Amino acid sequence: MMKLQGNLDTLEFANRTIYVYTPASYKLDVARRFPSVIVQDGSYLFVDSMTALEADFASGVTEEVIFIGIEPQERNREYTPWRAENLVNDGGFFEGEGDVYLKMVTEEIMPYVRTRYRILKDAAHTGITGASFGGLISLYAAFQKPAYFGRFALMSASLWYANFMDFVEQHVFTQSDMRIFLYVGEQEGVGRTTLQQHMVPNTRKAYELLSQKIPGGRDCIRLETDPEGLHLHSYFNAYFPHAIRFIFPGGR
């Protein structure tokens with residue numbers, strides 16, 4: 001593992017592992033509180049992007065943030081907003097317990113971590129992110145938990161999920177201060193015959209819909225795509241520093 005400028009702690013809480021990254025300034029300025037980002041699927045999104053992230057922190061282009069990576073117990077259950085047919089495994093269902101999961105994150109995990117680290121508590125300084133289903137539940141949180149989250153980094157979010165675009169169309173944001181970053185690879189869903197074929201067009205449609213809903217309009221939302229991009233960690237990690245730079249821009 002590369003040498004970190006900051007620090008990475010591993011906690012155990014409620015039978016799951018939580019990874020907490022604190023940036024370099026955390027140990028130098030002991031009076032300062034920091035923004036935070038809840039991260040789905042453990043730590044890979046930020047740990048595997050750390051060289052670029054810490055360079056952006058050091059240059060001032062990105063505000064230093066605390067990452068809180070939460071290991072899922074069963075992502076198909078926890079990261080889905082409602083029950084739907086499991087098209088990926090050709091049978092069964094996605095259980096759709098996203099509301100239960102988000103309640104646990106906001107009412108149990110976040111308070112637990114905040115008692116141990118100096119974290120700003122308002123929604124405008126609190127982000128949530130994930131890739132694939134992790135991105136899906138992060139966008140769902142924008143509507144379901146507006147008092148908790150105001151910054152969103154959606155990495156190849158599974159916006160093909162049954163009826164999710166209808167949900168986005170029908171709901172509004174109640175936050176007054178928001179920033180949203182969306183990434184999708186243009187090769188995602190190509191050649192699929194299931195709902196996953198709608199990955200790219202639904203992401204573009206979501207960008208248009210959210211641009212009309214978000215306070216501040218297009219200045220506060222960004223969509224980036226990669227012409228060669230596949231649904232792989234390597235692409236999520238390549239664009240993750242762009243996402244954090246946009247949702248938590250530094251003073252430079």
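## Helix H5

Buried means under 20% relative accessible area. By that cut-off, helix H5 (residues 133–144) is mostly covered in this predicted model. Of its 12 residues, 11 are buried. They are Phe-133, Gly-134, Gly-135, Leu-136, Ile-137, Ser-138, Leu-139, Tyr-140, Ala-141, Ala-142 and Phe-143.

## Nonpolar cores

Leu-139 of H5 also belongs to the largest nonpolar core, which has 57 residues. Within this core, Val-113, Leu-139, Leu-159, Phe-164, Ile-180 and Leu-210 touch the most other members. Leaving aside residues up to four places away in sequence, Leu-139 touches Leu-154, Leu-159, Phe-164, Val-168 and Leu-210.

There is also a second, separate core, of 27 residues. Among its members are Tyr-19, Phe-46, Tyr-183 and Phe-240.

## The sheet

Eight strands form an open sheet with mixed pairing. Their order is E1-E2-E4-E3-E7-E8-E9-E10. Strand E1 (7–13) and strand E10 (221–226) stand at the edges. Each has a single partner strand, so one side of each is left without a neighbour in the sheet. On average, neighbouring strands are turned by 15 degrees against each other, direction ignored.

E2 and E4 run antiparallel, joined by four bridges. Tyr-19 stands opposite Gly-69 in E4. Helix H4 (residues 98–114) packs on the sheet. H4 touches E1, E2, strand E3 (36–40), E4 and strand E7 (126–131). The direction of H4 makes about 50 degrees with that of E2.

## Helix H2

Helix H2 (residues 50–59) has buried residues Met-50, Leu-53, Glu-54, Asp-56 and Phe-57. These cover an arc of only 155 degrees around the axis, which puts them on the same side of H2. Thr-51 and Ala-58 are exposed on the other side.

What do the buried residues of H2 pack against? Their contacts are with strand E2 (16–22), helix H1 (44–47), strand E4 (66–70) and helix H8 (233–247). Two of these partners, E2 and E4, are the antiparallel strands joined by four bridges. After H2 comes Gly-60, whose phi is positive, near 90 degrees.

Notes:
Residues numbered from 1 in each chain as written. Predicted model: local features only at pLDDT ≥ 70, side-chain atom pairs only at ≥ 80, totals over all residues. Heavy atoms only, no water. Buried < 20%, exposed > 50% of the residue type's maximum accessible area, 1.4 Å probe, protein only. Helix = DSSP H or I, 4+ residues; strand = E, 2+ residues; numbered from the N terminus. Arc of directions from axis to C-beta. Contact = heavy atoms within 4.5 Å. Pairing = 2+ DSSP bridges. Axes fitted to C-alpha atoms, helices over the stretch in contact; angles between N-to-C directions. Core = buried A, V, L, I, M, F, W, Y, C linked by side-chain atoms within 4.5 Å.
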